[in-house]
Amino acid sequence: MNSTPISSAQNGVHDALTELVARHVAHPFRKPITDYNRRSFDDSMAAWQATGNAPLILDTGCGVGLSTLHLAARHPDHFVIGIDQSADRLARQTLWSGPQPENLCFVRADLVDYWRLALQAGVRPAQHYLLYPNPWPKIGQLARRWHGHAVFPAIVALGGNIECRSNWQIYIEEFAQALQQVSGRPVAAEAFVTDAPITPFERKYLASGHALWRCRLALGEPA
């Protein structure tokens, strides 16, 4: 594979990140939630509750769902919800061989609404993954990155063990800094090496010789 490395005029953590995150913490996100996303959220909660409320894993921005399948197979005592806004991506071939695990469901929803609905409902995931989100690498795109978005405090407030991965070091450094700012706990970006990629992007980036990065934090139960 020959995936092009991320190119950006930005060469470090964005100067405006701290101020932007502080503003989002001080001013809760008030955008109305759509009825469609409410229905999608309710459907996913019903699927989870039908399993007896097993410990929950959120695979947010799951794309074609390969990561969701891997996470469900690795954690058979958990229930995994794979969420993506694209019906096309969710319907594509996942390159999964063999029978699919049953401890999962997929839901089409806008994550901005889904995260807030989960928080309002008191959902507390055991694990929460953001795997290879769109990096929005232009300097002016900071607010489009999840850690620069107004929904970020809700992401942190959900608690659980949160993990973000990217092939752009700056994205993970920023995510770690924002996570530390909101949670008050130390977080570090770290190089990540695996011989068992769980998303198509992870496989592609490894095959293209890209370095992988991640940050992780055990948030536990919210205060």
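## L71 and its contacts

L71 touches I57, D59, V80, Y129 and I198, leaving aside residues up to four places away in sequence. The model is predicted. L71 sits in helix α3, which covers residues 66-74. Its relative accessible area is 2%. Buried means under 20%, so L71 counts as buried.

## The chain as a whole

The chain holds eight helices and seven strands. Its radius of gyration is 17 Å, close to the 17 Å given by the globule rule for 223 residues, so the chain is as compact as a globular protein of that length. The C-alpha trace spans about 45 × 45 × 30 Å along its principal axes.

Buried residues make up 50% of the 223 residues. The accessible surface of the chain comes to about 10800 Å². Carbon and sulfur atoms account for 51% of that surface. Among contacts with a separation of 6 or more, 78% are between residues 24 or more positions apart.

## The largest pocket

The largest pocket has a volume of about 750 Å³. Its lining is made of 30 residues. Of these, G61, D84, R89, P133 and N134 lie nearest the centre of the pocket.

Several elements contribute to this lining. Strands β1 and β4 each supply at least two residues, and so does each of the helices α3, α5 and α8. Helix α5 runs over residues 111-120, and helix α8 over residues 200-207. By residue class, the lining divides into 15 nonpolar, eight polar and seven charged.

## Two loop residues with positive phi

N53 is not a glycine, yet it has a positive phi of about 60 degrees. The residue lies in the loop between α2 (35-49) and β1 (56-60). N53 has a relative accessible area of 42%. That value falls between the cut-offs of 20% and 50%, so N53 is partly exposed.

W136 is another residue other than glycine with a positive phi, here near 40 degrees. W136 is found in the loop between β4 (127-131) and α6 (152-157). At 26% relative accessibility, W136 also counts as partly exposed.

## P153 in helix α6

P153 lies in helix α6. It touches H24 and V25, again leaving aside residues up to four places away in sequence. S183 is 30 residues from P153 in sequence. In space, P153 and S183 are 9.0 Å apart, C-alpha to C-alpha.

## D195 at the surface

D195 lies in the loop between β6 (190-192) and α8. Is D195 buried or exposed? Its relative accessible area is 77%. Exposed means over 50%, so D195 is exposed.

L206 is eleven residues away from D195 along the chain. The C-alpha atoms of D195 and L206 are separated by 8.8 Å.

Conventions:
Residues numbered from 1 in each chain as written. Predicted model: local features only at pLDDT ≥ 70, side-chain atom pairs only at ≥ 80, totals over all residues. Heavy atoms only, no water. Helix = DSSP H or I, 4+ residues; strand = E, 2+ residues; numbered from the N terminus. Buried < 20%, exposed > 50% of the residue type's maximum accessible area, 1.4 Å probe, protein only. 1 Å grid on protein atoms, 1.4 Å probe; cavity = no way out; pocket = protein on both sides within 12 Å on 5 of 7 lines; lining within 4 Å. Points joined across faces, edges and corners; volume = space filled by probe spheres on them. Nonpolar A, V, L, I, M, F, W, Y, C, P; charged D, E, K, R; others polar. Rg over C-alpha atoms; globule rule 2.2 N^0.38 Å. Contact = heavy atoms within 4.5 Å. Areas by Shrake-Rupley, 256 points an atom, 1.4 Å probe, with all protein chains shown as cover.
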